[in-house]
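Thanks for making time this morning. Please have a look at the model on the screen, and I will then talk you through it.

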Amino acid sequence: MKMSFFIVLVVLLLDQLSKFYVKNILLEPVQIFAGLFEIAFVKNTGIAFSLFSDSALVLTIINSIIVFSIMIWSFIKHKFSPGLAFIIAGGLGNLLDRYMHGYVVDFINPLFVNFAVFNIADIALNIGIVFLFMEMAWQKNEN
């Protein structure tokens, strides 16, 4: 449980600090990794790939229900894993944005492909999903 709490805390802190920097300090877009990515502030009122844009209230309610349901389930069942920790951290990071700004702060734009602009919370969500699949596969192999 301590490791899961640590993961949530560190990921949430990195996510919120990076978003604060991009939103309040970064003056213009910056290309990184030999021009493969651009760091630039983007307001995302939707979800992945900006789907359901301008549905902030509904998305905030749905996001809140999902994140808090996962957290409550984890505590009740005493199921704490790195996968769930990354998912909770990513969900909380984007949920904080929705409550504070009415949108999610995105800033990582891959220039080598036409893809969604994303953030640290989105990366954490994807890491968490991969970890959960790996955890399920290991559990299945143990039985």
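I will go from the overall fold to a salt-bridge network, then to a pocket, and finally to some loop residues.

A word on the basis: this is a predicted model, in which local features need pLDDT of at least 70 and side-chain atom pairs count only at pLDDT 80 or more, while totals for chains, interfaces and linings use all residues. Residues are numbered from 1 along each chain as its sequence is written, and side-chain values use heavy atoms, with hydrogens and water left out.

The secondary structure of the chain comes to 4 helices and 3 strands, where helices (H or I, at least four residues) and strands (E, at least two) are DSSP runs numbered from the N terminus. Read from that end, the order of the elements is α-β-β-α-α-β-α. For 143 residues, a compact globule would have a radius of gyration near 15 Å, and the chain, with 16 Å, agrees with that; the radius is taken over C-alpha atoms, and the globule rule is 2.2 Å times the number of residues to the power 0.38. Along the principal axes, the C-alpha atoms fill a box of roughly 50 × 35 × 25 Å. Of the 143 residues, 38% count as buried, meaning under 20% relative accessible area, as against exposed at over 50% and partly exposed in between, with a 1.4 Å probe and protein chains only. If we take contacts (heavy atoms within 4.5 Å) between residues at least 6 apart in sequence, 68% of them join residues at least 24 apart.

Now to the charged side chains. The structure holds 2 salt bridges, a salt bridge being a side-chain nitrogen of Lys or Arg within 4 Å of a carboxyl oxygen of Asp or Glu. In one, K19 meets D15 at 2.9 Å, N to O, and because these two are 4 residues apart in helix α1 (residues 2–24), about one helical turn separates them. In the other, D97 pairs with K19, with the closest N and O atoms 2.8 Å apart. D97 lies in helix α3 (residues 82–101) and K19 in helix α1, so this pair ties together parts that are 78 residues apart in sequence. Through shared partners, the salt bridges join D15, K19 and D97 into one network. Are these residues buried or exposed? K19 and D15 are both buried, and D97 is buried as well.

Next, which residues lie nearest the centre of the second largest pocket? They are S4, F5, V8, F75 and I88, out of 16 lining residues. The lining divides into 12 nonpolar, 3 polar and 1 charged. Helices α1, α2 (56–77) and α3 each supply at least two lining residues, and the largest share, 5 residues, comes from α1.

Lastly, the loops. Most residues other than glycine have a negative phi. In the loop between β1 (30–32) and β2 (37–44), F33 has a positive phi of about 50° although it is not a glycine, and with a relative accessible area of 61% F33 is exposed. A34, found in the loop between β1 and β2, likewise has a positive phi, of about 55°, and is exposed at 84%. F115 sits in the loop between β3 (104–110) and α4 (120–142), and at 45% relative accessibility counts as partly exposed.

Note on methods: 1 Å grid on protein atoms, 1.4 Å probe; cavity = no way out; pocket = protein on both sides within 12 Å on 5 of 7 lines; lining within 4 Å. Nonpolar A, V, L, I, M, F, W, Y, C, P; charged D, E, K, R; others polar.
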